[in-house]
Amino acid sequence: MPEYDPHAITVEQAQAIIGLCIQPLHFTEQLPLRQALGRVLAEDIISTMNVPAHDNSAMDGFAFRGADLPAGQDRQLRIVGTALAGRAYQGQINQGECIRITTGAVMPVDCDTVVPQELITASSDSHVTIPGGKLRAGDNRRLKGEDLVMGKTVISKGRILKPADLGLLASLAIAEVAVQRRLRVAFFSTGDELRSLGEALDEGCVYDSNRYTLFGMLTRLGCEVIDMGVVKDNPDALEAGLRQACESADAIITSGGVSAGAADYTREVMAKLGQVAFWSVAMRPGRPLAFGQIASNGKSAYLFGLPGNPVAVMVSFYFFARQALYRLMGADVPALPLIPIAAAETIRKRPGRTEFQRGILASTENGELRVSVTGSQGSGILRSMSEANCMIVLQHDQTTVLPGEKVHVLLFDGLL
Ligand code: AMP
Ligand code: MG
């Protein structure tokens with residue numbers, strides 16, 4: 001690991017260190033095309049053919065030789081046949097002749113231009129009149145290979161397959177692809193005060209919500225989740241939980257118990273099982289963070305020890321774990337896009353830490369986008385995440401933001 005001060009690490013430093021430590025896993029499986037949606041492609045797809053395979057018409061109309069195009073006045077051409085999509089015209093087409101053609105029909109070798117039906121000025125069963133000055137040679141013709149060229153890479157390894165990708169693969173007759181197997185992520189919550197759904201809420205206790213937000217976030221990332229429940233604030237229970245998680249998963253996410261001093265045996269146990277760094281990240285919410293790798297019975301797993309507060313869990317998941325898990329699953333996913341948007345109001349901010357405030361992006365009466373905060377920003381106020389449609393990311397050195405000043409916004413749509 002590069003040099004850093006674990007007491008005052010910035011968000012960017014933590015992200016960089018995590019990025020350096022994670023090595024992508026290579027476990028692949030072969031899947032039928034439909035099942036591959038949302039999965040990480042494990043091979044480069046090279047086009048084995050040109051798509052389209054032939055020059056073809058982009059319009060319904062008449063195909064003819066570009067040399068026959070009239071310069072000024074209209075010109076009459078003789079209709080000698082028809083080409084339909086899937087049924088090519090076999091004959092020859094000479095000067096002054098044309099054929100009827102439909103969209104997608106193969107262009108006869110003699111022709112390079114199509115006059116669309118709606119541009120013709122007169123027609124009979126035997127002749128059609130094309131307008132002067134409206135077309136150029138080559139118009140309304142789709143070229144062979146203009147979508148996919150034989151021998152070229154169509155989709156690179158690491159792509160998370162989207163609907164358009166399934167379509168592209170189908171257009172190449174590829175019925176099965178190699179994808180990475182789903183990443184297995186085990187998670188548990190720590191805390192004597194936590195109760196699971198179905199249990200009675202004893203005095204001073206809270207229901208465990210982190211396992212539900214984690215379930216949601218991991219599932220959206222395409223992971224196979226292993227929910228291990230609540231683990232008590234007890235070193236033996238914690239060690240047993242971590243070992244079991246390590247033996248069954250590629251990565252482990254815990255929440256709670258990583259703050260300095262609060263539960264020191266958490267650090268001890270994590271450190272006993274592997275190499276784990278405990279950071280105080282200059283951010284809010286989500287200051288404490290543990291990251292590393294542990295091993296048990298010859299198996300190893302990456303470990304993310306997230307703080308316990310429900311908003312801090314989500315923020316640290318999105319800004320640290322998400323990119324790391326994508327990297328682990330071999331996915332080539334760009335960093336989250338931050339969009340500059342004008343603040344609708346004053347947003348208080350202290351320099352020296354990155355702040356992640358929950359925001360609402362809305363358009364004003366003039367149609368301009370403005371962002372405001374959701375109200376109380378306490379790290380235990382999960383409602384702020386539920387109500388927000390974006391995160392306002394206030395950079396490390398940034399100070400209080402005045403109305404109209406631009407701030408960085410991360411849209412939840414597509415993320416949450
Ligand atoms: P900790 O990081 O363990 O000190 O927890 C910080 C705060 O988050 C405490 O108020 C905990 O009760 C709360 N908390 C921890 N884990 C959970 C959880 N799984 N669900 C809801 N709240 C939690
Ligand atoms: Mg705790």
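The model discussed here is predicted. Its largest nonpolar core contains 51 residues, and those that touch the most other members are Ile253, Trp279, Val281, Phe304, Phe317, Leu325 and Met391. The element that gives the most to this core is helix α6 (residues 310-328), with 13 residues. Because both domain 1 (11-26 + 181-328) and domain 4 (339-411) give residues to this core, it lies between them.

Ile253 shows how such a residue is surrounded. Apart from its neighbours within four places in sequence, Ile253 is in contact with Val185, Ala186, Phe187, Phe188, Leu214, Leu218, Phe304, Leu306, Phe317, Ala321 and Leu325. Another core, of 20 residues, lies apart from the largest one; among its members are Cys246, Ile252, Val258 and Ile294.

## Domains

The chain is divided into four parts: domain 1 (11-26 + 181-328), domain 2 (29-51 + 156-180), domain 3 (56-142) and domain 4 (339-411). Between the C-alpha centres of domain 1 and domain 4 the separation is 27 Å. The contact of these two domains takes 15 residues from domain 1 and 18 residues from domain 4.

## Salt bridges

Side chains of opposite charge can pair when their charged atoms come close. In this structure there are 15 salt bridges. One of them joins Arg181 to Asp250, with 2.9 Å between the closest N and O atoms. Arg181 is in the loop between β12 (176-180) and β13 (184-190), whereas Asp250 is in the loop between α4 (235-248) and β17 (251-255), so this pair ties together parts that are 69 residues apart in sequence. Buried means under 20% relative accessible area. Arg181 therefore counts as buried at 18%, and Asp250 is buried too, at 11%.

A further salt bridge links Arg195 with Asp202, their closest N and O atoms being 3.0 Å apart. Here Arg195 is buried, with a relative accessibility of 13%, while Asp202 is partly exposed at 40%. Lys272 and Glu239 also form a salt bridge, at 2.7 Å between the closest N and O atoms. This pair links distant parts of the chain, with Lys272 in helix α5 (residues 264-273) and Glu239 in helix α4, 33 residues apart. Lys272 is exposed, at 58% relative accessibility, but Glu239 is buried, at 15%.

## Nonpolar residues at the surface

Where can nonpolar side chains be found on the surface? Leu197, Leu201, Tyr207 and Tyr212 make a nonpolar surface patch of about 410 Å². Leu197 is placed in the loop between β14 (194-195) and β15 (206-207). Its relative accessible area is 54%, so Leu197 is exposed.

Phe215 belongs to helix α3 (residues 210-220) and counts as partly exposed, at 44% relative accessibility. Beyond its neighbours within four places in sequence, Phe215 is in contact with Phe187 and Val225. Phe215 and Val185 are 30 residues apart in sequence, and their C-alpha atoms are 9.7 Å apart in space.

## Backbone details

Most residues other than glycine have a negative phi, and most peptide bonds are trans. Which peptide bonds are cis in this model? One runs from Val51 to Pro52, with omega near -5 degrees; Pro52 is in the loop between β2 (45-46) and β3 (56-57). Another runs from Arg284 to Pro285, with omega near 0 degrees; Pro285 is in the loop between β19 (283-284) and β20 (288-296).

Positive phi values also occur in residues other than glycine. Asn140 has a phi near 60 degrees and lies in the loop between β9 (127-130) and β10 (141-142). At 23% relative accessibility, Asn140 is partly exposed. Asn297 has a positive phi of about 50 degrees and is found in the loop between β20 and β21 (299-306). With a relative accessibility of 67%, Asn297 counts as exposed.

Notes
Residues are numbered from 1 along each chain as its sequence is written. Chains are lettered from A and ligands numbered from 1 in the order in which they are written. This is a predicted model: local features need pLDDT of at least 70, side-chain atom pairs count only at pLDDT 80 or more; totals for chains, interfaces and linings use all residues. Side-chain values use heavy atoms; hydrogens and water are left out. Patches are made of residues with over 30% relative accessible area and no salt bridge: like charges are joined within 9 Å, nonpolar side chains (Val, Leu, Ile, Met, Phe, Trp, Tyr) within 5 Å. Accessible areas come from the Shrake-Rupley method with a 1.4 Å probe; for residues, only the protein chains shown count as cover. A salt bridge is a side-chain nitrogen of Lys or Arg within 4 Å of a carboxyl oxygen of Asp or Glu. Helices (H or I, at least four residues) and strands (E, at least two) are DSSP runs, numbered from the N terminus. Buried means under 20% relative accessible area, exposed over 50%, partly exposed in between (1.4 Å probe, protein chains only). A nonpolar core is a set of buried Ala, Val, Leu, Ile, Met, Phe, Trp, Tyr and Cys residues joined through side-chain atoms within 4.5 Å. Domain bounds come from an automatic or database domain assignment. Contact means heavy atoms within 4.5 Å.
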